[in-house]
Protein chains: 2
Amino acid sequence: MAPSASGPRPPTITDVARAAGVSRTTVSHALNGLGKVDPRTRERIRQVATELGYRPNLRAQRLRRGQAKAIALASSMPFAVAGGPSRLGFYMEVAAAAAESALLHDYALVLVPPVQSGSALYSVDIDGAIVVEPDIEDAAAAQLRERGLPYVALGRPVSPEEDTPYVDLRGRLVADLLLEHLREQGAVRPALMVGAGSRHSSVDAVAAYERRAEEHGWTPVVARVPESGGEQAGYECCAALLAEHPGIDAVCALVDAFAVGAVRAVRDSGRAVPDDVMVVTRYDGLRARTCEPPLTAVDLHLDRAASDAVELLLGRLRGDTAPSVAVSPEPRVIARASSLRTARA
Amino acid sequence: MAPSASGPRPPTITDVARAAGVSRTTVSHALNGLGKVDPRTRERIRQVATELGYRPNLRAQRLRRGQAKAIALASSMPFAVAGGPSRLGFYMEVAAAAAESALLHDYALVLVPPVQSGSALYSVDIDGAIVVEPDIEDAAAAQLRERGLPYVALGRPVSPEEDTPYVDLRGRLVADLLLEHLREQGAVRPALMVGAGSRHSSVDAVAAYERRAEEHGWTPVVARVPESGGEQAGYECCAALLAEHPGIDAVCALVDAFAVGAVRAVRDSGRAVPDDVMVVTRYDGLRARTCEPPLTAVDLHLDRAASDAVELLLGRLRGDTAPSVAVSPEPRVIARASSLRTARA
């Protein structure tokens, strides 16, 4: 598919130089805005280049400059099993905002979702990457390190030796706000469901839950659900929790797919949401909003967080070496019917 | 940020050749699976390369091969004004599915949403692109042609001279199904609201509407709304339509943001949805599902369409030259409360 295969030889910088009556260096400087070139000469060279249909070889330029002008959005978290709009979760919302921020700096955003992320992260031409909520010994992060590529994390990295810059998604505060909301709505026996990985959101939520359980005298009930299991795993886990601990009156399911499964399990056990068991989740996406009843969730300010992650990464690409942290704005609980006992219409 | 700036010189192909006691060409052939290399020699070279931490220079490889192994998802359609999950519309749903399909072929997907798409499409290193619902004289398509890059369209291209391969999103059938649904629900004076551009979805919908209006004796009411106006433009347009044509009993608003605005305008005019005025839309995304009442929409099989677009493009990259068309599966109306008069619970 090289242009030369499908027509006459494309014009080269030599053709432009000859037609404009200047040196190749002058053409290069004129077209790249480098060195000193008389403005009228520059204009003439540009006209000649346009007339000849000359396009600089982008790849050769990048090879010289050592830049891809592209960054990747990587994640080791399993993509939602289902297709359709329900795939439009956390990762894609971050992608939309990050793409916009990157393009404002003339960087393209390359999607490296977890399907085959292994091989893709080895082969994609990028200058660096944002790793979404890295797990401990995160596969995506390891591949980037192996390629010598700089990266930043969206969400605090959990590996002890990790000193990469990151955007703090305030996992502990998020869990704390959800648990406090449940307590205000009357919960006295809330359970916690987190992903089985060790991402900051799970680790932070367990820490927040254990502290509150001690403080309020709750019997701690913490369940870890395989991340790739989706709604069905959330359903099964919640059904088992309700069978083993029939007194549970609230479920804080950090992953939205688990929360949707939990609502179904509560119903199938003959209980009502929220009257018998309240359900809340973290990410305020399509799943939370279209669940019946709609799920209480948290505004994580993902637009801002994604944009901060892009800025951190571009800073590193410009040579910032000190590790740094961008802290997201205060998260905010968005209370909905799944947990509103006292203030329902 | 080149690796050489932050540590010892990275190993080169010469280092690998010396350590393995073979020529540079043999190393290159062994690592790239080219030429004839004894399998045991190949294994030994790979081991030496791994031990030395040798990584081939991806950019140099690509320059030689003339491949970026990346494709872009381009669109000239304005991105949703609002941030947050409501930005997760048509474009991002296509992106999620296309990224997965592309990665299965070891291609990365580069997001080139309409923010500054002009400059980004000139500078991103890609082998080709998918243009989402190109307008007449589409800016993204023009930039790709200017760079000599192959592209395919998702949705039939409307420019008369255009002969690029495309995935047919069956715009006429989609509009026809929505209008037939409205008629079944009792509409006798439906109005049509489309984007002001000439994308196939608008052109096809107007054609379908005009034919049906003639067939059923409807007074044709067609409004064209600026694409970048979002919900507010839909609101204002619908309010004006209701003031001018008070007998309207249904609005088919092709763009989901317009439909959400239309629901608000119907209410503010003192009418009820769906009892006085039904509202339906095309794309079954977050907006349609979270609208109050939820909007009747169409399953466009976007997963399949995005995957087909990737296959068409990769076919062109492999050298397929005949224009070709992939036809999406039959679209299907998903009836919801915004237009269910006769079958409501």
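In which helix of chain B does Arg172(B) lie? Arg172(B) sits in helix H8, residues 171-184. Helices here are DSSP runs of H or I with at least four residues, strands are runs of E with at least two, and both are numbered from the N terminus.

Some ground rules come next. This is a predicted model, in which local features need pLDDT of at least 70, side-chain atom pairs count only at pLDDT 80 or more, and totals for chains, interfaces and linings use all residues. Residues are numbered from 1 along each chain as its sequence is written, chains are lettered from A and ligands numbered from 1 in the order in which they are written, and side-chain values use heavy atoms, with hydrogens and water left out.

Back to Arg172(B). Its relative accessible area is 41%, so Arg172(B) is partly exposed. Buried means under 20%, exposed means over 50%, and partly exposed is in between (1.4 Å probe, protein chains only). Arg172(B) is in contact with Asp204(B), Ala207(B), Ala208(B) and Arg211(B), leaving aside neighbours within four places in sequence. Contact means heavy atoms within 4.5 Å. Arg172(B) and Tyr209(B) are 37 residues apart in sequence, yet 8.9 Å apart in space, C-alpha to C-alpha.

Now look at chain A. It has 13 helices and twelve strands. Of its 345 residues, 55% are buried. Take the contacts in chain A between residues at least 6 apart in sequence: 70% of them join residues at least 24 apart.

Helix H7 of chain A spans residues 139-146. Ala140(A), Ala141(A), Gln143(A) and Leu144(A) are buried there. Seen down the axis of H7(A), the buried residues fall within an arc of 160 degrees, so they line one face of the helix. The arc is that of the directions from the helix axis to the C-beta atoms. At the start of H7(A), a side-chain oxygen of Asp138(A) comes within 3.1 Å of the backbone nitrogen of Ala140(A). Just after the helix, Gly148(A) has a positive phi of about 70 degrees.

Helix H13 of chain A, residues 302-318, holds Leu312(A). Leu312(A) has a relative accessible area of 14%, so it is buried. Beyond its neighbours within four places in sequence, Leu312(A) contacts Val152(A), Pro165(A), Tyr166(A), Val167(A), Ser324(A) and Ala326(A).

What about polar residues? Ser339(B) is in the segment after strand S12 (332-334) of chain B. Its relative accessibility is 0%, so Ser339(B) counts as buried. A polar contact of 2.5 Å joins its side chain to that of Thr296(B). Such a contact is a pair of N or O atoms within 3.5 Å; within protein, one must be able to donate a hydrogen and the other to accept it, and residues adjacent in sequence count only if both atoms are side-chain atoms.

Turn to the nonpolar interior. In soluble globular proteins, nonpolar side chains tend to be buried together. A nonpolar core is a set of buried Ala, Val, Leu, Ile, Met, Phe, Trp, Tyr and Cys residues joined through side-chain atoms within 4.5 Å. The largest such core has 163 residues. Leu111(A), Met193(A), Leu111(B) and Met193(B) touch the most other members. A second, separate core of 34 residues includes Ala74(A), Leu144(A), Ala129(B) and Tyr151(B). Leu144(A) is also one of the buried residues of H7(A).
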